[in-house]
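These are my notebook entries on a single protein chain. I record what I looked up, one topic at a time.

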Amino acid sequence: MSVIDCQGMGLPVIAPRTGWLAELIDEDRLFDTADQAVAIGTRLATDSEFYRVHAKLAHAATADLTPAHVAASYLEALR
């Protein structure tokens, strides 16, 4: 599944700190090294409060990505 699909369902996604991923994913779920990725994944799996907070942040990150909102933003950018 795509990053957008997963986050839209409230599934926290971790990703390398690069490109557009760094704009869509919360700072606490971005990594630069494999060790950081493992640490974030471990924390998501073992810290229920961290998971709960990041599930909400993940879902909220996609709230403005509905087709109507994306189309309106695109049309506004053309003006």
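**Entry 1: a surface patch.** I began with the term itself: a nonpolar patch is made of residues with over 30% relative accessible area and no salt bridge, and nonpolar side chains are joined within 5 Å. I note that the model I consulted is predicted. In this model I found a nonpolar patch on the surface formed by Ile4, Trp20, Leu65 and Val70. Together these four residues have about 360 Å² of accessible area. I then looked up Ile4, which is found in helix H1, residues 3–8.

**Entry 2: helix H3.** I turned next to H3, which covers residues 34–46 and so has 13 residues. From its first C-alpha to its last, H3 reaches 18 Å, close to the 18 Å expected at 1.5 Å a residue. Which residues of H3 are buried? I listed Ala37, Ile40 and Leu44. Viewed down the axis of H3, the buried residues fall within an arc of 65°, so they line one face of the helix. I recalled the general rule that an α-helix has 3.6 residues a turn, so residues three or four places apart point the same way. What do the buried residues of H3 pack against? I found strand S2 (30–31) and helix H4 (48–61). On the other side of H3, I recorded Ala34, Asp35, Val38, Ala45 and Thr46 as exposed.

**Entry 3: salt bridges.** I looked up the count of salt bridges, which comes to 5. One of them joins the side chains of Asp32 and Arg17, at 3.1 Å from N to O. This pair links distant parts of the chain, 15 residues apart. Asp32 lies in the loop between S2 and H3, and Arg17 in the loop between strand S1 (15–16) and helix H2 (21–24). Asp32 is exposed, with a relative accessible area of 52%, whereas Arg17 is partly exposed at 33%.

I then examined Arg52, which forms a salt bridge with Glu49; their closest N and O atoms are 2.6 Å apart. Both residues lie in helix H4, 3 residues apart, about one turn of the helix. Arg52 is partly exposed at 38% relative accessibility, and Glu49 is partly exposed at 42%.

Arg79 and Glu76 also meet through their side chains in a salt bridge, at 3.4 Å from N to O. Arg79 is exposed, with a relative accessible area of 76%.

Notes:
Residues numbered from 1 in each chain as written. Predicted model: local features only at pLDDT ≥ 70, side-chain atom pairs only at ≥ 80, totals over all residues. Heavy atoms only, no water. Helix = DSSP H or I, 4+ residues; strand = E, 2+ residues; numbered from the N terminus. Expected span 1.5 Å × (residues − 1). Buried < 20%, exposed > 50% of the residue type's maximum accessible area, 1.4 Å probe, protein only. Arc of directions from axis to C-beta. Contact = heavy atoms within 4.5 Å. Patch = residues over 30% accessible without salt bridge, like charges linked within 9 Å, V, L, I, M, F, W, Y side chains within 5 Å. Areas by Shrake-Rupley, 256 points an atom, 1.4 Å probe, with all protein chains shown as cover.
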